[in-house]
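Please keep the sequence and the model in view while reading.

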Amino acid sequence: MVAAVNQAARRAGLQPGLSLSDARAIHPAVLTVPLDRDANTAALRDLAIWLGRYGPNRNVDGEDGLWVEITGVAHLFGGEPSLLEDLELRLSGAGLTVRAAAADTYGAAHALARYGTQPRRPYVLAVAGATSDAVAELPVDALRLTEDSLLLLKRLGLRKIGQVAAIPKAAMARRFRDEARGARRQDREALARAVVWRLDQLTGEIAEPKTPLEPPPHRSRRILFAEPLISSEGIAVAVRDALAGLSEDLAEIGEGALNVRLCLFRADGTVARLDVGVSRPASTPTHLQKLFDVKLPEVDAGLGIDVVLVSALRVAPLETVQPRLRDGQRTTSEPTATADLVDRLSNRLGERNVRCLTTVESHWPERAFRTVAAQTQLQRRARHAPPARVSGERRSDGLGRQGNAELCDVAPRPRPQFLLEPPEPIEVLAALPEGPPARFKWRRRQCRIRRASPPERIAPEWWTDLPARHMRQRGSNETETSIPDVGQGGEVQAEGAPQSASALAASSPKPLRPRDYYVLEDVTGGRFWVFRDGLYHLTDEDDERPPKWFMHGVFA
Amino acid sequence: MSATSRPQMTSPPQVCSHAKLREADAEPLGMPRVKAKRARRQKRAETIAKLRCLVERIEGCRPDGFGTWATDPSAETATRQAERPEAPCWRLGTAMLDDRLGARGIEVGGVHEIRPSSDAMAQGWAGAASAAAGFALALCARHREAVDDRVARLPVAFCQTEAVRRELGQVYPWGLASYALRPCDLLLPEARRDDDVLWAAEECLRSGGVRCLIVRVRDVDLTPARRLALAAAESGTPCLLLTDARAPVVAATATRWCVAPAPCAPDRYDADAPGARRFSVVLDRFRGRPFAAQPDAFALEWCDETFCFRVVAGLRDRAPSPHLATGEVVTGAFRQSAHRQRWRATAA
């Protein structure tokens with residue numbers, strides 16, 4: 001299948017969508033390159049990053065488009081026409097064929113860029129306030145509708161957007177109902193609603209928020225150099241100056257940076273990016289500087305650095321620290337020492353590899369805890385944000401801070417100090433089928449049991465597990481509708497996923513079974529936490545699985 | 001202070017010279033060989049005394065391990081004691097053991113290696129490794145009592161590689177209460193390689209932002225071990241090093257403990273259920289007592305209510321059924337030797 005063609009091939013009569021043999025039949029000497037979707041996506045993303053020169057809010061649009069919000073930006077380029085000209089010139093200079101359009105709304109710009117034409121211009125510009133006129137002549141395909149809706153519109157004789165827009169909205173729903181007799185009533189109404197919705201988005205009556213590539217920085221500081229910097233010392237000094245400026249800017253509004261991005265623009269047009277996060281906002285850049293000093297040697301300066309840009313992606317209100325009276329030095333309290341340590345570790349090992357433990361109110365052993373990134377946890381505290389909740393009430397929120405429920409985190413029965421994830425199946429020999437094991441084989445080693453505690457039965461949480469189908473549905477809805485929080489928020493959710501109820505319900509289609517937990521000690525003194533999954537006397541008609549044994553934890 | 005002025009010199013020089021004069025008068029001829037031998041012996045004693053003093057000055061305590069010098073309060077020791085007059089020591093919580101550990105207890109700013117004993121490793125890696133981890137957690141709980149409130153609030157770092165976590169399990173917050181830890185007390189840095197784990201450990205030690213550090217690595221080379229020791233001494237943060245029994249022993253450690261799980265006594269209320277956790281521990285190395293002829297072996301029981309160790313007595317705590325009692329409860333070497341002495345006395 002041909003995915004894309006160049007100008008010469010188009011002139012020869014080839015089109016995207018042809019099969020390769022047809023294309024060869026049309027032109028035997030056609031040259032083909034296998035399609036690399038990942039490379040395409042990556043290139044488009046790079047282009048979106050480059051588009052930052054026209055506005056901070058921009059992102060990839062589908063598989064073949066880019067959008068950028070130029071509200072309040074166009075005058076810097078001398079108006080919208082010259083901005084579009086500049087854009088077209090630069091991209092065609094890089095060997096790219098571009099169809100650019102600017103309009104009042106995202107929907108209109110999307111339609112004009114793909115279906116609009118303007119005589120003697122390489123771009124399409126809808127004058128402000130005249131969006132409806134500009135798009136009136138475009139085909140209805142530009143409305144971003146599904147195939148069914150398009151077919152229906154065409155069957156009704158509505159081929160241009162102007163024709164559709166001319167129909168009163170109330171009448172449209174009625175006409176659709178009459179026309180699409182084959183479809184169900186709800187489907188017909190949904191079709192009509194979709195058309196009205198898209199039209200409203202086109203004209204700007206309904207706002208259409210778009211997720212930008214990255215959150216706009218709170219403050220940024222840029223240093224330009226006449227001659228490119230090459231020496232690493234020079235770059236370090238430049239970064240230090242930029243950070244100092246950024247910290248001053250933020251301190252004026254009473255904020256301190258939590259996440260800082262450093263962009264080093266090389267002379268050949270490429271950009272090196274470094275991200276650094278800290279746990280506590282600080283008014284001075286010394287700590288940030290130290291973190292960047294660790295990472296800067298990894299940067300390849302290439303032909304030299306033209307521009308140094310630091311931007312604060314996430315900030316938190318500054319804490320007022322009492323300077324010590326005697327020597328004028330600020331006291332380094334231990335929480336600061338711990339936070340600095342967490343920053344240094346996260347900086348090198350990765351934020352998700354430095355974690356702390358939190359407990360979740362749940363009886364089910366693997367759901368009763370979560371690990372969260374320590375830096376995220378500290379940042380939440382600095383921003384006075386409530387800790388993330390998964391399921392059940394959080395009792396402790398990690399790293400030294402705990403509510404008054406300090407004693408509640410003691411389990412009623414013995415719990416292991418190390419939990420195996422996931423539980424490992426073991427072969428068990430028991431004197432009684434419902435009794436404790438007499439010996440078991442785990443990791444190809446026989447263990448003879450000397451002592452066994454009485455069983456502790458833990459039943460699945462019916463309030464989360466019983467309607468497994470419902471949970472699964474809700475879980476999938478959540479993943480569709482949630483807008484990924486750029487930065488740490490998304491990662492936190494991802495970390496919580498293995499323990500979350502919806503993920504478990506989705507991964508195991510069969511309902512969870514009650515477990516009998518035993519604390520076993522073998523003849524050498526090793527102590528284990530094993531469970532039997534399922535019961536012997538309680539087998540449902542639909543659940544024919546025999547009970548199984550698993551090793552779930554080791555006592556330290 | 002020069003080494004020669006120490007009081008443990010075998011013979012004062014004045015006496016020596018007098019004796020020489022008298023010898024020269026009384027024995028003009030005939031016994032040169034004896035004299036040479038005596039002089040050699042005396043020279044050797046002097047050298048040993050000098051070396052001992054040197055070792056003492058480096059280590060800062062008496063060479064035989066029983067605390068600081070009682071007869072000779074040297075200037076250094078005096079100042080060190082003056083600095084920390086009432087500082088609580090890191091002790092194990094039972095008088096018999098703490099006497100063995102000396103007046104200052106376990107060194108707070110030092111690296112302590114805890115390795116599973118090779119016998120236990122042969123019988124099951126997971127059991128032995130987690131017993132070693134348990135002993136480390138217990139030491140960490142004891143350390144909490146040796147620090148002030150300010151430090152006690154700091155988290156405990158537990159560094160290990162990702163592979164080890166998968167193999168031996170994730171730290172489970174609900175089980176930490178038996179080792180005096182709350183879930184929020186732990187910081188868990190994790191890396192892919194041992195090098196990164198050691199780097200993270202060193203960062204933790206140098207930062208002063210953790211109360212105690214537990215590191216689980218396969219083995220530690222000479223240089224990283226020395227770096228860890230220096231960092232620990234600098235910040236006064238203890239580093240508990242969990243290593244593999246198959247790896248060579250780590251250099252520059254303050255103590256080295258060989259730990260194996262030991263079969264426990266039955267639960268107080270249920271004869272079939274396991275009772276308090278027991279470890280059989282060998283104190284392999286203890287800096288400050290470098291001339292120990294034979295390592296100390298203890299059978300210890302961890303009390304998860306008082307967070308103290310208890311020495312398991314061979315007679316009192318033996319298992320109820322005879323076929324299980326043989327050789328399973330390790331009797332403390334101290335008790336053994338005392339017993340042997342008493343037996344010798346009665347035999348004579």
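To compare two helices, an axis is fitted as a line to the C-alpha atoms over the stretch in contact, and the angle between the N-to-C directions runs from 0 to 180 degrees. The model discussed here is predicted.

**Helix packing**

In chain B, helix H9 (residues 194–207) and helix H10 (residues 222–235) pack with their axes 8 Å apart, at an angle of about 15 degrees. Angles under 35 degrees count as roughly parallel, and H9(B) and H10(B) are therefore roughly parallel to each other. Their crossing is left-handed.

Helix H11 (residues 232–252) of chain A packs against helix H12 (residues 286–295) of chain A at an angle of about 150 degrees, and the two axes lie 10 Å apart. Because angles over 145 degrees count as roughly antiparallel, H11(A) and H12(A) are described as roughly antiparallel to each other. H11(A) passes H12(A) in a right-handed crossing.

**An enclosed helix**

How many of the 10 residues of helix H5 (residues 106–115) of chain A are buried? The number is 8, so this helix is largely enclosed by the rest of the structure. Among the buried residues of H5(A) are A:Tyr106, A:His110 and A:Leu112.

**Salt bridges**

Side chains of opposite charge can pair when their charged atoms come close. Over all chains, the count comes to 41 salt bridges. The table presents three of them.

| Salt bridge | N to O distance |
|---|---|
| A:Glu214 and A:Arg261 | 2.7 Å |
| A:Arg443 and B:Glu167 | 3.2 Å |
| B:Arg193 and B:Asp195 | 3.4 Å |

A:Glu214 forms a salt bridge with A:Arg261. This pair links distant parts of the chain, 47 residues apart: A:Glu214 is in the loop between helix H10 (185–203) and strand S5 (219–229) of chain A, while A:Arg261 is in strand S6 (residues 255–266) of chain A. A:Arg261 has a relative accessible area of 14% and is buried, because buried means under 20%. Both residues also belong to a network of salt bridges that links A:Arg58, A:Glu214, A:Arg261 and A:Asp275.

The side chains of A:Arg443 and B:Glu167 also meet in a salt bridge. This pair crosses between chains, from A:Arg443 in the loop between strand S13 (437–442) and strand S14 (445–452) of chain A to B:Glu167 in helix H8 (residues 162–168) of chain B. A:Arg443 is partly exposed, with a relative accessible area of 31%, and B:Glu167 is partly exposed, with 30%.

In the pair formed by B:Arg193 and B:Asp195, B:Arg193 counts as partly exposed at 46% relative accessibility.

**A nonpolar surface patch**

Which residues form a nonpolar patch on the surface? They are B:Leu51, B:Leu54 and B:Ile58, which together have about 310 Å² of accessible area. B:Leu51 lies in helix H2 (residues 32–59) of chain B. At 48% relative accessibility, B:Leu51 counts as partly exposed, since exposed means over 50%.

**Separation in sequence and in space**

A:Glu80 is placed in helix H4 (residues 80–93) of chain A and counts as partly exposed at 31% relative accessibility. In sequence, A:Glu80 and A:Leu125 are 45 residues apart; in space, their C-alpha atoms are 8.0 Å apart.

Note on methods:
Residues are numbered from 1 along each chain as its sequence is written. Chains are lettered from A and ligands numbered from 1 in the order in which they are written. This is a predicted model: local features need pLDDT of at least 70, side-chain atom pairs count only at pLDDT 80 or more; totals for chains, interfaces and linings use all residues. Side-chain values use heavy atoms; hydrogens and water are left out. Patches are made of residues with over 30% relative accessible area and no salt bridge: like charges are joined within 9 Å, nonpolar side chains (Val, Leu, Ile, Met, Phe, Trp, Tyr) within 5 Å. Accessible areas come from the Shrake-Rupley method with a 1.4 Å probe; for residues, only the protein chains shown count as cover. A salt bridge is a side-chain nitrogen of Lys or Arg within 4 Å of a carboxyl oxygen of Asp or Glu. Helices (H or I, at least four residues) and strands (E, at least two) are DSSP runs, numbered from the N terminus. Buried means under 20% relative accessible area, exposed over 50%, partly exposed in between (1.4 Å probe, protein chains only). Angles under 35 degrees count as roughly parallel, over 145 as roughly antiparallel, 65 to 115 as roughly perpendicular and the rest as oblique. A crossing is left-handed if the near helix is turned anticlockwise from the far one by less than a right angle, and right-handed if clockwise.
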